[in-house]
Amino acid sequence: MDKNQEHLEAIRDIRTLMERSSRFLPLSGLSGILIGVWALVCTAIAYSLLGISIQDPGYHTLLLENGQLSTSKFPLLLADFMVVLIIALSTGMFMAMRKAKKMNLPVWDATARRMLTNLAIPLVAGGLYCLILLYRGEISLIAPATLLFYGLALLNASKYTINEMRFLGILEISTGLLGTLFADFGLLFWALGFGILHIVYGILIYYKYEK
Amino acid sequence: MKNYIDDINKAFESRVRLGIMSILMVNDFMDFPSLKEQLQITDGNLASHLAALEKLEYISVSKQFIGKKPNTSYAATDIGRKAFSEHLNALERLISISGQ
């Protein structure tokens, strides 16, 4: 019986090491919820900057004045999104560090580097693509493009972290496609993808791993 | 039951070697410091088990320089992967037999 216990422990060791050494695990559900909330706040600010309500289509036409980017509204809107992006990234990093400490795992190791590299490649491509859209004046496609590339990035990184990220990625891609189809409501789809989906995902992760 | 015990590979009886192989099964390669961090053991202990596995040709070693620092990384060979899978199967069968 003793021998049996030993074998069982050996198998448990193997499972833990296989998972721990190949996947980045300290992703926090709470940070998903917080990031979702920041995205909703960001969208609300965007709508009030543009001075329209959420049923009004064609938000992107307000950013153009005689075919040129509006010098009054566009910089404010850009600042809104950039500030929220920085806050969201810091939230994610801070919460991951907190959770790693709690789980007694290193926060910056080979798994973290591998996950971030795989996340970064589609994201950088997406960032450049959005700059090209901006340069070509295709303003209405920028918001859904951020969803598409973010979804592809998550899908790509999901091999190196918790499995649930894969489903979030697929949902973000779908939202991005719908947002491209109904580009007049791009901001709403952006709020759905970065806001609502993150909150739902965060709650699921929280209940599954942190409760 | 006897032949199952024959399948238990003596090379993997040490927990450290089991750990090394587990990690290298799911990672294409891993360097010395990362292995050490995952397994939480001393340099000497890790080095001697790595040498033993290398001698059996279960793992391959590649040395390179990152800047001026030498960096040694390890990968499981096909022989090593096969031996480790057989060992795991034997373990599982043993447990399911004595569990009955």
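## Exercises on a predicted two-chain model

Over all chains, the structure holds 6 salt bridges. The model is predicted.

**Exercise 1. State which parts of chain A are linked by the salt bridge between Glu164(A) and Lys208(A).**

Solution. 
- Step 1: check the pair. The closest N and O atoms of Glu164(A) and Lys208(A) are 2.6 Å apart, and the cut-off for a salt bridge is 4 Å.
- Step 2: place the residues. Glu164(A) lies in helix H6 of chain A and Lys208(A) in helix H7 of chain A.

**Exercise 2. Characterise the interface of chain B and chain A, starting from the residues in contact.**

Solution. 
- Step 1: count residues. In chain B, 21 residues are in contact with 18 residues of chain A.
- Step 2: give the area. About 1,700 Å² is buried between the two chains, and carbon and sulfur atoms give 62% of this area.
- Step 3: find the main contributors. Arg15(B), Gln38(B) and Ile95(B) supply 31% of the area that chain B buries against chain A, more than any other three residues.
- Step 4: list the charged pairs. There are 2 salt bridges between chain B and chain A. Asp13(A) forms a salt bridge with Arg15(B), with the closest N and O atoms 2.7 Å apart.
- Step 5: assign the chain B side to elements. Helix H2 (15-26), helix H3 (32-39) and helix H5 (78-99) of chain B are the elements that give two or more residues to the side touching chain A. The largest share, 8 residues, comes from H5(B).
- Step 6: sort by type. The residues on this side of chain B divide into 11 nonpolar, 7 polar and 3 charged.

**Exercise 3. Determine which helix gives the most to the lining of the largest pocket, and of what residue types the lining consists.**

Solution. 
- Step 1: give the volume. The largest pocket has a volume of about 1,700 Å³.
- Step 2: locate the centre. The pocket is lined by 49 residues, and the closest to its centre are Leu85(A), Leu89(A), Leu123(A), Tyr150(A) and Phe194(A).
- Step 3: name the elements. Those of chain A that each supply at least two lining residues include helix H2 (29-50), helix H4 (110-135) and helix H7 (186-210).
- Step 4: H3(A) gives the most, with 13 residues.
- Step 5: sort by type. The lining residues divide into 41 nonpolar, 8 polar and no charged.

Notes
Residues numbered from 1 in each chain as written. Chains lettered and ligands numbered in written order. Predicted model: local features only at pLDDT ≥ 70, side-chain atom pairs only at ≥ 80, totals over all residues. Heavy atoms only, no water. Contact = heavy atoms within 4.5 Å. Buried area = accessible area lost by both parts, 1.4 Å probe. Salt bridge = Lys/Arg side-chain N within 4 Å of Asp/Glu carboxyl O. Helix = DSSP H or I, 4+ residues; strand = E, 2+ residues; numbered from the N terminus. Nonpolar A, V, L, I, M, F, W, Y, C, P; charged D, E, K, R; others polar. 1 Å grid on protein atoms, 1.4 Å probe; cavity = no way out; pocket = protein on both sides within 12 Å on 5 of 7 lines; lining within 4 Å. Points joined across faces, edges and corners; volume = space filled by probe spheres on them.
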